[in-house]
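Hi everyone, thanks for coming. Let me put today's structure up on the screen, and then we'll walk through it together.

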Amino acid sequence: MRQRIGPQCGTAFELAAGHTLRVIDPDGEQVADLIAFSRASPDEWLSSGRTLDYNNTIYLTTGHVLYSNRSTSMLTIVEDTVGRHDFLYTPCSPETFSIIYKTTGHHPSCFENLAGALRPYGIAPDRIPTTFNIFMNVDVAPDGTLAIHPPRSKPGDSITLRAEMDLVVGLTACSAEMSNNYRFKPIEFAITGPGETSLPLPKP
Ligand SMILES: [Zn+2]
């Protein structure tokens, strides 16, 4: 079943080993921050560092495996119609907006949305590490400077990840202006069991 995360919102759910998670950008140019923890223990979590180590690239796409802090396979990317995602930046947080955007007052953020969604699973906010930022378009200049560009995703684009262990997954529709070309849109996702044929996803 296809589910929707509203603009600047987030959710969490269990994803059993062998099941696939398809994350869809229905309107285009919208980032979705993803984090995963082992269902067995929040001490095992999706690790940017381990994943970049073993894949030897910062640009992860079809065929790449995302690893935990214990170097265990957590998720495999089995389909990707965009080919550009980020695993360098942390989820946008209240401090992101006060430090970078100079925002005063409350601003919705992926960190707060993930913290709220993961709380029922016993995962404390300080456990949330660098997120896999689906559709986030980051370039690295030769001098090391990072630049955030509008996502390359068009309406209906998607990425599909297969769980390699039982997981708790947090997922958002990102709240940061720069990452989403200054327009906040929903994110959709669908979970398919092993052996099930995923339903065709109509373009909006
Ligand atoms: Zn965000």
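Predicted model: local features only at pLDDT ≥ 70, side-chain atom pairs only at ≥ 80, totals over all residues.

Residues are numbered from 1 along each chain as its sequence is written, and side-chain values use heavy atoms, leaving out hydrogens and water.

Now, the strand names. Helices (H or I, at least four residues) and strands (E, at least two) are DSSP runs, numbered from the N terminus. Two strands pair if DSSP finds at least two bridges between them. With that in hand, β3 and β12 pair in the antiparallel sense over five bridges.

Which order do the strands of the six-stranded open sheet have? The order is β1-β12-β3-β10-β6-β5, and the pairing is antiparallel. β1 and β5 are the edge strands, each pairing on one side only. On average, neighbouring strands of this sheet are turned by 25 degrees against each other, direction ignored. For angles like that, axes are lines fitted to C-alpha atoms, for helices over the stretch in contact, and angles run from 0 to 180 degrees between N-to-C directions.

Look at β10 next, residues 157–163. Six of its seven residues are buried, so β10 is largely enclosed by the rest of the structure. Buried means under 20% relative accessible area, exposed means over 50%, and partly exposed is in between, using a 1.4 Å probe and protein chains only. Strand β3 (residues 20–25) pairs with β10 over six antiparallel bridges, and Arg 22 has Thr 160 as its bridge partner in β10. Strand β6, residues 73–80, also pairs with β10 in the antiparallel sense, over five bridges. There, Leu 75 has Ala 163 as its bridge partner.

On to the other sheet. Four strands form an open sheet, in the order β2-β11-β4-β7, and again the pairing is antiparallel. β2 (10–15) and β7 (132–134) stand at the edges with a single partner strand each, so one side of each is left without a neighbour in the sheet. Here too, neighbouring strands are turned by 25 degrees against each other on average, direction ignored. Six bridges join β2 to β11, residues 167–172, and Ala 12 has Gly 170 as its bridge partner in β11. Helix α3, residues 110–118, lies across β2, β4 (32–38) and β11, running at about 145 degrees to β11.

Now for some aromatic rings. Rings of Phe, Tyr and Trp (its six-membered ring) pair if their centres lie within 6.5 Å; planes under 30 degrees apart count as stacked, over 60 as edge-to-face, and the rest as tilted. The structure holds four such aromatic pairs. Is the pair of Phe 13 and Phe 189 stacked or edge-to-face? The ring centres of Phe 13 and Phe 189 are 4.8 Å apart and the planes are at 10 degrees, so this pair is stacked. Phe 13 sits in β2 and Phe 189 in β12 (residues 187–192), so to speak distant parts of the chain, 176 residues apart, linked by the pair. Phe 13 is buried at 9% relative accessible area, and Phe 189 is buried at 4%.Tyr 54 and Tyr 67 make another pair: their ring centres are 4.9 Å apart and their planes are at 75 degrees, so the pair is edge-to-face. Tyr 54 lies in helix α1 (residues 48–55) and Tyr 67 in strand β5 (residues 65–67), so the pair ties together parts that are 13 residues apart in sequence. Tyr 54 is partly exposed, with a relative accessible area of 40%, whereas Tyr 67 is buried at 18%.

Let's stay with α1 for a moment. Its buried residues are Ser 48, Thr 51, Leu 52 and Asn 55. Seen down the axis of α1, these fall within an arc of 95 degrees, so they line one face of the helix. That arc is taken from the directions from the helix axis to the C-beta atoms. The buried residues of α1 pack against β5, where contact means heavy atoms within 4.5 Å.

Last stop: Pro 7, in the loop between β1 (2–5) and β2. Pro 7 is partly exposed, with a relative accessible area of 39%. Which residues does Pro 7 touch, not counting those up to four places away in sequence? They are Ala 173, Phe 184, Lys 185 and Pro 186.
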